[in-house]
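Let's take a friendly walk through a protein structure, one stop at a time. Keep the 3D view open as you read and try to find each spot on your own screen.

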Amino acid sequence: MNLSDALPNFKPFEHIYVEDKVKDLPDTKAILANFPNAVVIPIKHYKDVFNRPRQDSSAQVGSRALILGSNEGQRLFKGAPVCQDFGYDNFMYTASVQGCIYNCDYCFLKGMYATSNIAMFVNFDDYARDVKEECVKGPLYLCVSYDTDLQGLSGIIDYCGRWAELAVSTPNLTIEIRTKAANVSFVPNPSVIYAFSVSPDEMVSKFEHGTASFNRRVENIKSAINAGCQVRLCFDPMIYTREWRIHYSHMMDVMLKEIDFSKIKDVSVGTVRISSEYIKKFRKAAPGSCAVQFPFDKEDGYCVYPLDLRSEMTGLICERLKGVISDDRIYCE
Amino acid sequence: MLYIFSALYCELAPFVNAFTLESIGNGVYRSDRCIATVTGVGKVNAAYSVGRTFALFAPSSKDIVLNIGVAAGENEGQTYLVNAICDADTGHDYYPDMAINLGLPESPLTSVSKVVTSVDKNMLYDMEASSIYQTAIKHVSPDRILFVKTVSDSDGKDVTPDKVSCLMESQISVVSLLLNETQYVDTENNASKYYDVLHCSEYMRLELGQLYHFADTLGVNPDDILDDIISSYIDINNRKIGREVLDEFKRRLTKF
């Protein structure tokens, strides 16, 4: 897949920072070849750029830089409590890329990272080794597209394909590749779950900047099902607006018409939740977005919609799913 | 506000004249949108001057900091936007964000403590940038700090004040562009008109401001809702009733 197919609205990187120790690696060269007009700036360590103090991530969005480096630190992390574990005991995530080419107003990355720049680690073999070691201990459920959208970056480097290959060849490993990308490539295998975030077009255009339209996502889902993939649908996060009922109802009309839910592995349903610690940052980054300006309740360190609103919103989806998918395959917040 | 720092007056003079900056003493010049400071040569002088200027004028996070001047390098007369700064004494590197496009070619720069007598290819040399970055970053974000350097020489020779001023004149358009970047409008807090009506405490003011803004983001007119709620009361004569109004405002905004 070429870059313009994978990222139709993507403004190519104009600046690429490259760690000295990875500059001669084949992946580095292949990535740089995608951006012949970029200014390449040598650096000693990716954190010298990625973790600089006082960065204004919203000011960087329009001129995102790519940082190529090697992650020598921790590469596997336990899943956060607010994440649905889908019944797996050993639920972990990994980040071969930190930062996302998309710009969703509610995305936890805005709080987690001080930058809108993207750090891409080209020491994939080290990640693979860590995962294999973890899988020796027992079954591992690993989210590989957690701190980024790997499918969205597949025009730059096909990490999705590499993770899928690893999952196919490693006993005990199940991976989840979550995406909002326009063009998605698939590896049909029981160990690879493709998780599609689904939102009505009104929410996509207002809050999920740069991501694929709803119709495009529906097409991707159908393609994945037809290819025989394990498919998860994530109606999560649902966002409150004045017309949320109309938009989500219409979305479900289309989904129920277009998608064969008997072939869907499972569904997750949830509403926006943002760490209380980071809410000020989110509101500063997206001052005009009702997705983050909502007067949230605070529960266990997270900003959430009031319980009755949460129930009403998730209820709308769950109600429509009755009869088309069994309750035990619906994970609701 | 645009803060300009240059080591020498001859580097700053073209901008002082072009933008009619007024001297306020101690090498500081200002207009309503720009404060320009002659720092003196070297990292200690530069750090002191930036710190002193910021202590006097208290920059906001939206302000822009520009270090503009001459540097040693290969292509005499060529102007660059600096994308990486290495402090030759400490070995530390600094990376301003390249968020503002000035249409200039880019170059890394090394900040040294002594005048250089020879230069490496694709490298600029100055004596202040690393300390200006280190001091400025305590006040503004790296996308608001820019280093624009014009090559004056490659060996420290034949650099006269007139030559420097002549080189810097070509950068008046850069300063003009950055002055436009600093124009922004602070949004008025329209919720403030309800503070007295609802007998708001400080906490209630914050909450009202947030709800008012949320209504804006939803695309509803907060005044219509608040005025409707307020009109249902005969008299709002204490904070407790003001709180009731605020709670009803929140309820209506979250019940579409």
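Strand E6 (residues 79–87) of chain B pairs with strand E8 (residues 106–111) of chain B in the parallel sense, over six bridges. This is a predicted model, and what follows is read from it. To find the pairing on screen, look for B:Leu81, whose bridge partner in E8(B) is B:Glu106. Strands of a sheet pair through backbone hydrogen bonds, and they can do so either parallel or antiparallel.

Strand E6(B) shows the antiparallel sense too. Three bridges join E6(B) to strand E10 (residues 145–153) of chain B, and these two run antiparallel. Here B:Thr79 stands opposite B:Thr150. Two bridges also join E6(B) to strand E7 (residues 93–94) of chain B, again in antiparallel fashion, and in this pairing B:Cys86 has B:Asp93 as its bridge partner. E6(B) and E7(B) make a hairpin with five residues between the strands, where B:Gly91 takes a positive phi near 80 degrees.

Is strand E6(B) largely enclosed, or is it left open? Eight of its nine residues are buried, so E6(B) is largely enclosed by the rest of the structure.

Now move over to chain A. There, eight strands form an open sheet in the order E4-E5-E9-E10-E11-E13-E14-E18, with mixed pairing. The edges are strand E4 (76–78) and strand E18 (330–332) of chain A, each of which pairs on one side only. On average, neighbouring strands of this sheet are turned by 25 degrees against each other, direction ignored.

Within that sheet, have a look at strand E13 (residues 230–238) and strand E14 (residues 266–271) of chain A, which run parallel and are joined by five bridges. A:Cys234 has A:Ser268 in E14(A) as its bridge partner. Helix H13 (residues 307–321) of chain A lies across E13, E14 and E18 of chain A, and it runs at about 160 degrees to E14(A).

Chain A also has an open sheet of three strands, in the order E15-E17-E16, and its pairing is antiparallel. Strand E15 (273–275) and strand E16 (297–299) of chain A are at the edges with a single partner strand each, so one side of each has no neighbour in the sheet. Neighbouring strands here are turned by 35 degrees against each other on average, direction ignored. Three bridges join E15(A) to strand E17 (residues 302–304) of chain A, and A:Ser275 stands opposite A:Tyr302 in E17(A).

Next come the aromatic rings. Over all chains, the count comes to 27 aromatic pairs. One of them joins A:Phe296 and A:Tyr305: the ring centres are 5.7 Å apart and the planes are at 15 degrees, so the pair is stacked. The cut-off behind that word is that planes under 30 degrees apart count as stacked. Both A:Phe296 and A:Tyr305 are buried. They also belong to a cluster in which ring pairs link A:Tyr240, A:Phe294, A:Phe296, A:Tyr305 and B:Phe214.

Rings can have charged neighbours as well. The charged end of A:Arg242 sits over the ring of B:Phe256, 5.9 Å from its centre. Within chain A, A:Arg75 lies over the face of A:Tyr127, at 5.9 Å from the ring centre.

Leaving aside neighbours within four places in sequence, A:Arg75 is in contact with several residues, including A:Tyr93, A:Asn123, A:Asp126 and A:Asp130.

To finish, zoom in on A:Met255: leaving aside neighbours within four places in sequence, its contacts include A:Val198, A:Phe214, A:Leu233 and A:Phe261.

Note on methods: Residues numbered from 1 in each chain as written. Chains lettered and ligands numbered in written order. Predicted model: local features only at pLDDT ≥ 70, side-chain atom pairs only at ≥ 80, totals over all residues. Heavy atoms only, no water. Pairing = 2+ DSSP bridges. Helix = DSSP H or I, 4+ residues; strand = E, 2+ residues; numbered from the N terminus. Axes fitted to C-alpha atoms, helices over the stretch in contact; angles between N-to-C directions. Contact = heavy atoms within 4.5 Å. Phe/Tyr/Trp six-rings, centres within 6.5 Å; stacked < 30°, edge-to-face > 60°. Buried < 20%, exposed > 50% of the residue type's maximum accessible area, 1.4 Å probe, protein only. Lys NZ or Arg CZ within 6 Å of the ring centre and 35° of its normal.
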